[in-house]
Amino acid sequence: MLQKRMLTGFLIIITVSVLLYYGSHLDCTMKAHLGCPALFSHPSLALKPKPKHTNVVFLKTHKTASSTIQNLLFRFAERNNLTVALPVQACNHQFCYPYSFTSRFVHAHTLPPNIVTNHMRFNKPELQHLMPNDTIYFTILREPGSMFESLFTYYNRHCETFQRVPNGSLEAFLEEPLRYYKAKEGYSMYAHNTLTFDLGGDKDCPATNVTYAQAFVAEVERVFSLVMIAEYFDESLVLLRHLLSWDLDDMVYFKLNMRTQNSKKSLTPSLHSKIRAWNFLDAQLYDHFNASLWRKLSAIGSVHVEREVQLLRQAQEKLMRSCFGDRKPLLRSAAEIKNKDLRPWKPKGNVDVVGYDLPMNLSHGFSSQAQELCLKLIMPEVRYTQLLLHSQSLRYCQSHQQQFNTSQQPICTVLPQHPQVHHRQPPSAAPGSGSGTGSTSTSKPAARPVEKKRV
């Protein structure tokens, strides 16, 4: 009897050993055949992923698809009950751009924040003072040729430099840009090295000053953990997801704030070269971080980047169907959109900006909460900012009411959900140029805050 038990135990030990050996061998063989150790070892795809990173600053640059990123961040904040820093009412929906950012521009009901994403001129010391030490900074750039064409068309009736150009001709401007450009005017940042200005740099540093350009690029690389590239938007989102340890569903988006094709101008190689020469600093930034983006993607592996991009697009299609079924939201000009909450801002002149109009009978079969989530997926920047400020003010007031146990008199007044929008005039002159991403200029806004501008 004893010998039978010993034999049974011996067989069990041998069986377990064989299973462990072949199980380990099979795991190694799978990894070898897949050929993607980076994918298996990456924190965002490991068996025990890191917690989602929730303290982020996104520098929202102009005409770079940044409104789409902002919408993604707004929705993430709401799902995870995070606080988004939002501008005081005097600044409208931006942090008093083009003035260098200061914490005085942040609405008190949105403090302390987890996320910063509205337009600003970057000011690293002020943001470091506002945000936690573990905050991750990222931004997005766009190829200077297509970006400048977009800026020239979009702000043609707003930027004084562009207004001087006969017949609004991009060709005429690029022949003699210094004939029309005045560096100290209020909207001059849209006419010269806009990316550099947004990042806190000196937009008017001469192109001959290669040392400054190199130092500025190095400083941006030191401060920002990721610089996305608009032309490779989905690939950039793969890197962002890995950086923040977010889920794939956190990265889904609809494109926002687009121009119609007839509002765009095709560029000849000559015009493209002239734009890059005029915007030398922006070109240096783009070339450097475009190369940097592809180095980071290569570290993950092209096969796995393509797979993640495919999965992202499938998730977006799934979300589209869950929100709208076969009744996809229709692209319409601002004037044609019936729902006021979905109308994008249209600049002066012959520029057609399109947004989404909801299909008929959307409410059929959907809860009010599901409708709201789907609505915000396609909601323009200004309206979403207003709603977010309202909801965060409500939360702030309720929290402080309970804290002080005061039932007689409200501690604060919640802002209305539909505040009156005032179109303001720009200041007579833009503030002085900063010296880089560490610029500490905190000039106060002029008596007439900056007119509303959209990306």
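Predicted model: local features only at pLDDT ≥ 70, side-chain atom pairs only at ≥ 80, totals over all residues.
Residues are numbered from 1 along each chain as its sequence is written, and side-chain values use heavy atoms, with hydrogens and water left out.

Q: How do you know that β1 and β4 pair?
A: Two strands pair if DSSP finds at least two bridges between them, and β1 (residues 56–59) and β4 (residues 136–141) are joined in the parallel sense over four bridges. Within β4, Y137 is the bridge partner of V57. Strands here are DSSP runs of E with at least two residues, and helices are runs of H or I with at least four, both numbered from the N terminus.

Q: What makes β2 and β5 stand at the edges?
A: The open sheet has five strands in the order β2-β3-β1-β4-β5, with parallel pairing. Both β2 (84–85) and β5 (226–229) have a single partner strand, so one side of each is left without a neighbour in the sheet.

Q: Why is α11 called roughly perpendicular to α13?
A: Helix α11 (residues 233–244) packs against α13 at an angle of about 65°, with the axes 10 Å apart. Axes are lines fitted to C-alpha atoms, for helices over the stretch in contact, and angles run from 0 to 180 degrees between N-to-C directions. Angles of 65 to 115 degrees count as roughly perpendicular (under 35 is roughly parallel, over 145 roughly antiparallel, the rest oblique), and α11 is therefore roughly perpendicular to α13.

Q: Which residues make the contact of α11 with α13?
A: With contact meaning heavy atoms within 4.5 Å, E235, S236, V238, L239 and H242 of α11 meet L293, K296, L297 and I300 of α13.

Q: Why are α12 and α13 described as roughly perpendicular?
A: The axes of α12 (residues 269–278) and α13 come within 5 Å and cross at roughly 100°, and the two helices are therefore roughly perpendicular to each other. In this packing, R276, A277 and W278 of α12 meet F280, A283 and D287 of α13.
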